[in-house]
Structures are given as C-alpha cells and as structure tokens.
Amino acid sequence: MFRRNLLRLLVVLTGLAAFVPQAFAVVEININKGNVEPLPIAVTDFIASGDLGQRITDVIAADLKRSGLFAPVGKQAFIEKISNPDQPPRFEDWKVINAQALVTGRVTQEGDGRLRAEFRLWDTFAGQQLTGQQFYTQPENWRRVAHIIADAIYERLTGEKGYFDTRIVYVAESGPKTARKRQLAIMDQDGFNARALTNANDLVLTPRFSPSRQEITYMSFEGNQPRVYLLQLETGQREVVGNFPGMTFSPRFSPDGQKIIMSLQQEGNSNIYTMDLRSRTTTRLTSTAAIDTSPSYSPDGTQIVFESDRGGRPQLYVMGADGSNQRRISFGDGSYSTPVWSPRGDLIAFTKQSGGKFSIGVMKTDGSGERILTTGFHNEGPTWAPNGRVLMFFRQAAGSGGPQIYSIDLSGYNEQVIQTKGFASDPAWSPLLE
C-alpha cells in the first residue's frame, strides 16, 4: 500500500551552512513558558518553475502557524523579493516588517527526475543564518518535503523535535446516524492525503500506531467476531493477533513494539492482558470483578496507566508493567477514561466526564496538577504528537450529526479542527516517519 521509495528522503547537510554562526542566535522560542507569544516568521516562496515553490512554502507556513508558536507574516508585507536564496537577504527589509525569522529556498528538478528542495533559515535581527538543508525525493513527495522542512525550522527555533512529518490513523464514519459505517483511514497530520485502509462492511475501533514501525493494531468485528488485528501500512499485510473468548478492547503497543496490551471481557468484567507478538503468549495483569480497560504504557515501558471502575465509577490507575503496585491517581469530581501516557513521560492525558460535559485534560503521572484543556458536549480519545506538545481528540458537538477531529496544544489556547471528508473519530498519532 505504501512503496518504500516514497518514504525515503536523502538529507544533505553539506553546502548550505556557509553562513551558520558559531554563537547562539538571538531568535529562539522558549516553549516551557506556558502560553507562548507566536514568533513572527516570513516564509518566502521558494524559487521554482511553475507554482511548486509556492505550494511547498504554503504547507510550511501552515504547519508552523498551526503549532501556535509561529505567526507567518503576510506575503503582501514583504519588501524584498528573494531571487537568489544562496545570498544573504537584505535584513533591514525584514526587520522593518518585524519578521524575526526568515525562510528562503528553491526547488529544482534533477536529470533523473527527482526534486531537489533546499532551504535556509535566517535570524533577521542578528543577521545570521541559523541552518540550511537540502533534500532529494520523488516529485509526488513534495508535501512530505514541506513537512520535513517545517520540522527542521521548528527544531532549530524551539530546541525540540517537530511533529509535522507524521500521519494520523482514525475511524472514518459515513452514512446516517442509525446506519453509520466505519472504516479505518489514514491521513497526514494536517488532514491531507487521506485514504481508506479497510472497507466499510465491518465495524472497526481503536486503531493504534506501533512506536517503532509503520504498523497499526485495531479491533474489528469482521465476520461478527471481535478480533484484534495487525496491519502493515507499507505492504497492506494484515494478520489476526489472536482469537479471544468474549470481547477485546483497546489494543495498544508496548514502547518497543514487541507486545500488545489490551483488555479482555469475560463473564461481565474485563481485565488487562499483554500478548507477546513473537510467542503469542498472554499474561494477565489485573484480576478484579470490575471493568479494567484502556491501558497505556509509560514511554520507558516500566508502568501502565489504565481505567477502572473498581471504586464505583471510572477512575485512572497506575501499575507496574508486571501488574504490581496498582494505585489510583485520579480523585477529581466526575469520571475519568481513555488515559494515554505522554511520549515525554511527564503527563497523562485523559477524558473526563463531569456535569454533563466531556473534557480533555492532562495530569502529572502521580495524579497531581490536573489541567482541563477543553470542554464540550462530547470530547473523547486524546492522542499525543510524538514530541508530547500537542494532542488530537475527537468531538461531537450538539446537533452536529457526527464527530470531527481536533488538535490542541498544552496551553489549551490553540484549538483547531482537522478537516476530513466526512465524520472522523478515534485518532491515533504516528511516530515521526523515517
């Protein structure tokens, strides 16, 4: 389903660093301050034949703006027209419009048909180049090149990895509410390049990415039998993880991608199990008369957060990876569900139901420091960007007819809808592509 050569990009760092200073640049973003004032940045159209240069820079600017950390300057304000991206720009022309950072570049086609995209990032107030890179790829990969360039800019100015060269797997929903069809689909993190992964004949739920491979696990009712499947995105190869008695819920990978953790329902209650994907052996981690579900590993694989109603209503619990030391960490009003551990290891995201509304929030791993990021009629299912700075979730507004996917950063001030062709729910964020 995915050809490997579409996923390979050659990054060449030589030849573009002539103006990179040895000292630290003046312009940078401290993303640990909480609510950050967006940095004004000018992204000029790359020099190219046709409109490809403009299309690439439009994607770069959209990625940066959507992060909430950057404010792209409108092109109508530009004074200098960049004609040679190899030369330093006229910094005074960019300072006067308060563009604290500047992106220039070009796109050319090689003799073998590949595209060469190159860019430079400038600190206009310091009059210095911050970084420069070039990439070779197939022409159909132009959007991915744009995402990778946006990641490079994000990393240079924030000091942390970006998240733009990623994909989202989700449940695409269509049809009337009384006869809704659901199938797996995948898209770029900005909503483009969406396509179906399964047909709409069988109910599918809870898709989740492997942290180490372009592989997903999900639950399907194919043949009216609830089963957990593995799907290789590059080849389309699919296999059944196992046939389990009763119902299976919320499969998710371990951090090393070698296990799946899930909840199995038997005799009215459900408990949490792991399965080794090599030996197919299962290990039971909880043993209660309650409903234990929605497990998620810490990024180091030593702990698991999960949802349980053993105390009377759904709350969040943490235990060791072997099931030891089970302890409750949520104590606020309402019910807590769908916990997921941040890739940074410092926070747990969750869904909270209270006062007839659903909220998406985060708390520290011991349950302290709870913060609600957004509240609505029905919000659910948070998933983390690979750098742990942004969440996606799905929302169904009152009277809307179906759910949509949204993103929000940890400040809670940068909420945006991710446009999809139809209704969409249960997103899961991929790791950075290789």
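Which residues are buried in α1? They are Leu52, Gly53, Ile56, Thr57, Val59, Ile60, Ala61, Asp63, Leu64 and Arg66, where buried means under 20% relative accessible area, exposed over 50%, and partly exposed in between, with a 1.4 Å probe and protein chains only. Before going on, note that this is a predicted model, in which local features need pLDDT of at least 70 and side-chain atom pairs count only at pLDDT 80 or more, while totals for chains, interfaces and linings use all residues. Residues are numbered from 1 along each chain as its sequence is written, and side-chain values use heavy atoms, with hydrogens and water left out.

Helix α1 covers residues 52–66, and its 15 residues reach 21 Å from the first C-alpha to the last, close to the 21 Å expected at 1.5 Å a residue; the expected span is 1.5 Å times one less than the number of residues. The cover over its buried residues includes β2 (39–43), β3 (70–72), β4 (101–109), β5 (115–123), α3 and β29 (416–418), judged by contact, that is, heavy atoms within 4.5 Å. After α1 comes Gly68, with a positive phi near 85°.

Now turn to α3, residues 142–158.

The largest one has 48 residues, and Ile60, Ile153 and Leu157 have the most contacts inside it. Helix α3 supplies the largest share of this core, ten residues. Leaving aside neighbours within four places in sequence, Ile60 is in contact with Val43, Phe46, Ala146, Ile149, Ala150 and Ile153. A second, separate core has 13 residues, including Val169, Leu184, Ile186 and Phe209.

Next, the aromatic rings. Rings of Phe, Tyr and Trp (its six-membered ring) pair if their centres lie within 6.5 Å; planes under 30 degrees apart count as stacked, over 60 as edge-to-face and the rest as tilted. By this rule there are eleven aromatic pairs. Phe91 and Trp122 have ring centres 5.9 Å apart and planes at 65°, so they are edge-to-face. This pair links distant parts of the chain, with Phe91 in helix α2 (residues 91–95) and Trp122 in strand β5, 31 residues apart. Trp122 is buried, at a relative accessible area of 1%. Another edge-to-face pair is Tyr163 with Trp429, 5.8 Å centre to centre with 85° between the planes. Here Tyr163 sits in the loop between α3 and β7 (167–174) and Trp429 in strand β30, 266 residues apart. Ring pairs also link Phe70, Tyr154, Tyr163, Phe164 and Trp429 into a cluster.

Charges meet rings too, where NZ of Lys or CZ of Arg is within 6 Å of the ring centre and within 35 degrees of the ring normal. Arg55 lies over the face of Trp142, at 4.9 Å from the ring centre, and the charged end of Arg143 sits over the ring of Phe192, 3.8 Å from its centre.

Strand β30 brings us to an open sheet of four strands, in the order β9-β8-β7-β30 with antiparallel pairing; two strands pair if DSSP finds at least two bridges between them. At the edges stand β9 (195–196) and β30 (423–429), each with a single partner strand, so one side of each is left without a neighbour in the sheet. Two bridges join β8 (residues 181–188) to β9, and Ile186 stands opposite Arg195 in β9. In the loop between β8 and β9 you will find Asn193, whose phi is positive, near 60°, in a residue other than glycine.

Key:
Core = buried A, V, L, I, M, F, W, Y, C linked by side-chain atoms within 4.5 Å.
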